[in-house]
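Biologist: I would like to learn how to read pockets, packing and ring contacts in a model such as this one. Could we go through them one at a time?

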Amino acid sequence: NHPRPHFGGFFARPRNVDHKLIDWHDYKLISEDQNRIGIGEHGKLEKLDESEKDNQEALFRQNGFNALLSDRISLNRSVPDIRHPRCKKKKYLSELPSVSVIIPFYNEHMSTLLRTVYSVLNRSPSELLTEIILVDDCSKKTFLKDELDRFIIANLPKVKIIHLPERGGLITARLAGAKAAYGDVLIFLDSHTEANVNWLPPLLGTFHLLVL
């Protein structure tokens, strides 16, 4: 166990005394995403060749979605900015709490899980994102053990993974992640989601207003 910094870390000293608002958009990333080309970029509909039908159907039966197509899409692909145009002009408080993003999973497909992680890493201000915690709820797929661990160690320094020794269900997995987290605020995501443009500051700004 470690000392719990949640909330206490955020309120240990006065913040936002001047209520300074800033633009949190990462315009460099937005520009790079707009110029990306490739399969699945910008969320465009894609289809695989008929010659791959058997492999596609086999993975579909395992996952309930087109996992073979997922494997062909970049892990850090671009996504369409689906916000209302006025949202793109909004500014948020310059001082926001830190965040631990917790992602429980069970037998998730590898590329889908990693795309979730990359989307959070790429579209979250680095100074706000303390860590991403993956919680493996005793998955049976072997690639979600050592292979996933090795990939994280080699490529994702802000990501931690917890392997539960037995299946506990969603709430148990979330609690395991929460106990290991160091951020002021905990955000729980499904293991097959993609964060959109500037997703985090509005959430944290709303949290700040709710707890004042």
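Modeller: The second largest pocket has a volume of about 200 Å³, and please keep in mind that this is a predicted model.

Biologist: Which residues lie nearest the centre of the second largest pocket?

Modeller: Pro104, Phe105, Tyr106, Leu170 and Ser191 lie nearest the centre, out of 14 residues that line this pocket. Sorted by class, its lining holds 6 nonpolar, 3 polar and 5 charged residues.

Biologist: Which elements each supply at least two residues of that lining?

Modeller: Strand S3, spanning 99–105, and helix H7, spanning 170–180, each supply at least two, and H7 gives the most, with 3 residues.

Biologist: Which residues of H7 are buried, and what do the buried residues pack against?

Modeller: Within H7, the buried residues are Ala173, Ala176, Gly177 and Ala178. The partners against which the buried residues of H7 pack are S3, strand S4 (129–136), strand S5 (159–163) and strand S6 (185–188), and S3 is also one of the elements that supply the lining of the second largest pocket.

Biologist: How should I read the rings, and how many aromatic pairs does the structure hold?

Modeller: In general, a pair of aromatic rings is described by the distance of the centres and the angle of the planes. In this structure there are 0 aromatic pairs.

Biologist: What lies over the face of Tyr106?

Modeller: Arg167 lies over that face, at 3.6 Å from the ring centre of Tyr106, and Tyr106 is among the residues nearest the centre of the second largest pocket.

Biologist: How much space lies in the largest pocket?

Modeller: The largest pocket holds about 270 Å³ of space. It is lined by 15 residues, and those closest to its centre are Asn66, Ser70, Ile73, Arg77 and Arg115. Helix H4 (67–72) and helix H5 (110–122) each supply at least two residues of this lining, with the largest share, 3 residues, coming from H5. By class, the lining divides into 4 nonpolar, 6 polar and 5 charged residues.

Biologist: Where does Lys89 lie, and is Lys89 buried or exposed?

Modeller: Lys89 lies in the loop between H4 and strand S2 (92–93). Its relative accessible area is 71%, and since exposed means over 50%, Lys89 is therefore counted as exposed.

Biologist: What separates the C-alpha atoms of Lys89 and His25?

Modeller: Those C-alpha atoms are separated by 9.4 Å, although Lys89 and His25 are 64 residues apart along the chain.

Key
Residues are numbered from 1 along each chain as its sequence is written. This is a predicted model: local features need pLDDT of at least 70, side-chain atom pairs count only at pLDDT 80 or more; totals for chains, interfaces and linings use all residues. Side-chain values use heavy atoms; hydrogens and water are left out. Rings of Phe, Tyr and Trp (its six-membered ring) pair if their centres lie within 6.5 Å; planes under 30 degrees apart count as stacked, over 60 as edge-to-face and the rest as tilted. A charge sits over a ring if NZ of Lys or CZ of Arg is within 6 Å of the ring centre and within 35 degrees of the ring normal. On a 1 Å grid over the protein atoms alone, a cavity is a set of points where a 1.4 Å probe fits but cannot get out, and a pocket is an open set with protein on both sides within 12 Å along at least five of seven lines; lining residues have an atom within 4 Å of a point. Grid points are joined across faces, edges and corners, and a volume is the space filled by probe spheres set on the points. Helices (H or I, at least four residues) and strands (E, at least two) are DSSP runs, numbered from the N terminus. Ala, Val, Leu, Ile, Met, Phe, Trp, Tyr, Cys and Pro count as nonpolar, Asp, Glu, Lys and Arg as charged, and the others, Gly among them, as polar. Buried means under 20% relative accessible area, exposed over 50%, partly exposed in between (1.4 Å probe, protein chains only). Contact means heavy atoms within 4.5 Å.
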